[in-house]
Amino acid sequence: TPLIGIEPSAILTFRDEYPDLVDDDQLEDARRLAANSLLIDEFLLREIRSHRIRREQFTKERRVIKFHGHCQQKAAKAATCSEEILSFPLNYQVEVIPSGCCGMAGSFGYEKEHYDLSMKIADLVLLPEIKQAPKDAIIASTGTSCRHQILDGAGQRAFHPVEVLYQALATR
């Protein structure tokens, strides 16, 4: 049974760290869980590739999506699945924002002593890219803290890829 989650830092911890943290008698179970822990984006891509999700289920409207991947997702080389599912509806064009970290790092950016540094990091690439995006572009990001940083720093709501796909459904 897969364990599916939407927050990269939470679900990828089961893959990367959980097997290293358990006692030897739990190691085999931890490895099985790690192997079956999926980001919702990965799960949806499996469903797309198995043809259980089909392109005709979505709008044909032309949309540009500016995508910022979560740091841990990038480090685990798991961001391409988000790009693929976001570009699945016909005429959806995904532009990956060439950013590093959004600067939030969980609650780091909310802490008074780190706020200025957090915003400086976000202002390197991420926030300028969003502020320069066409007004009708959809901003997408997998990380909860990333979406908060985008809202707070650019005044624009960013959507999780699942929200983008839900809005793209032809019949809701």
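Does asparagine 91 count as buried, exposed or partly exposed, and what is its relative accessibility? Asparagine 91 counts as partly exposed, at 28% relative accessibility; buried means under 20% relative accessible area, exposed over 50%, and partly exposed in between, with a 1.4 Å probe and protein chains only.

## Basis

This is a predicted model, in which local features need pLDDT of at least 70 and side-chain atom pairs count only at pLDDT 80 or more, while totals for chains, interfaces and linings use all residues. Residues are numbered from 1 along each chain as its sequence is written, and side-chain values use heavy atoms, without hydrogens and water.

## Overall fold

The chain has ten helices and five strands, taken as DSSP runs (helices H or I, at least four residues; strands E, at least two) and numbered from the N terminus. Its C-alpha trace spans about 55 × 50 × 25 Å along the principal axes.

Of the 172 residues, 41% count as buried. Among contacts (heavy atoms within 4.5 Å) with a separation of 6 or more, 69% are between residues 24 or more positions apart.

## Two residues with positive phi

Most residues other than glycine have a negative phi. Histidine 51, not a glycine, has a positive phi of about 70°. Histidine 51 lies in the loop between α4 (40-49) and β3 (63-68) and is exposed, with a relative accessible area of 60%.

Asparagine 91 also is not a glycine and has a positive phi, of about 75°. The loop that holds asparagine 91 runs between α6 (80-86) and β4 (92-96).
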